[in-house]
Each structure stands twice: as C-alpha cells, then as structure tokens.
Amino acid sequence: MNEEQVLCACSAYEQKYYFNPRFSSLPEQVQKELQIMAVTMTEDVGGVFTMEFDEDGTLYMSTTAKENDLTYDEIGSHLKIKQYRTEYAELLESLENYYRMIIIG
C-alpha cells in the first residue's frame, strides 16, 4: 500500500471537518469522538489538524498552519496531541488495531 491514509482532518481556516468515508464502518460513537477531538484541537490551537495511518497502521496526529499565521499555537498543538495520546490511549490503540485487521487485512 505504501501510503498514508487520512482518517480525519479539521481546518480552523475553512471551519470544516473531514472524515474519510473509507472508515465509515467505524461505530458512530467513535466517529463522533474523532470529530470532537479534531474540532476541539483546531478551536484551541488553530491551523489544520490531521489524523492519519502510516503503512504499518500506526496512527499519527499532526497540525500544520499557514505561513505567518499569528493565531496558530504551535507549542499548544504539541501539548494537546500529547494530552490526546494519554486521554484517548484506548481509543487510539483500538483504531490502530481496526486499521491493521480491517484495512490492511
């Protein structure tokens, strides 16, 4: 496969949330939780928040910002991702297992 698969993303610039339809078999509650996480992240730190799987099924969270965006909180984004890794550890692990079993096979 050798490519990242975006699970979801949220943009503070466009005020839009994207959920990859490829993962629509995830329970609705999980989908809602992901949306809450993504929207909260962009409301708190700005920029664009992305959750994606690498080719091995590891889930990565990242934020990016437009150049010269003075409202983007880069330090806050790293802290928030660290918080998410702790607070949502069980969910994130379940998502990785789901990806490895269902998507990679």
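Trainee: Why is Tyr 84 called buried?

Mentor: Buried means under 20% relative accessible area, exposed over 50% and partly exposed in between, with a 1.4 Å probe and protein chains only. Tyr 84 has 3% relative accessibility, so Tyr 84 counts as buried. This is a predicted model, where local features need pLDDT of at least 70, side-chain atom pairs count only at pLDDT 80 or more, and totals for chains, interfaces and linings use all residues. Residues are numbered from 1 along each chain as its sequence is written, and side-chain values use heavy atoms, with hydrogens and water left out.

Trainee: What makes the pair of Tyr 84 and Tyr 88 edge-to-face?

Mentor: Rings of Phe, Tyr and Trp (its six-membered ring) pair if their centres lie within 6.5 Å; planes under 30 degrees apart are stacked, over 60 edge-to-face, and the rest tilted. Here the centres are 5.4 Å apart and the planes stand at 85°, so the pair is edge-to-face. Tyr 88, at a relative accessible area of 15%, is buried as well.

Trainee: Why is the pair of Phe 23 and Tyr 99 called tilted?

Mentor: The ring centres of Phe 23 and Tyr 99 are 6.1 Å apart and the planes are at 40°, so this pair is tilted. Phe 23 lies in the loop between strand 2 (16-19) and helix 1, and Tyr 99 lies in helix 3, 76 residues apart. Ring pairs also link Phe 23 and Tyr 99 with Phe 53 and Tyr 98 into a cluster.

Trainee: How do you know that the length of helix 2 agrees with its number of residues?

Mentor: Helices (H or I, at least four residues) and strands (E, at least two) are DSSP runs, numbered from the N terminus. The expected span is 1.5 Å times one less than the number of residues. For the 14 residues of helix 2 that gives 20 Å, and the end C-alpha atoms are 20 Å apart, so the two agree.

Trainee: Which residues of helix 2 are buried, and which are exposed?

Mentor: Gly 76, Ser 77, Lys 80, Ile 81 and Tyr 84 are the buried ones.
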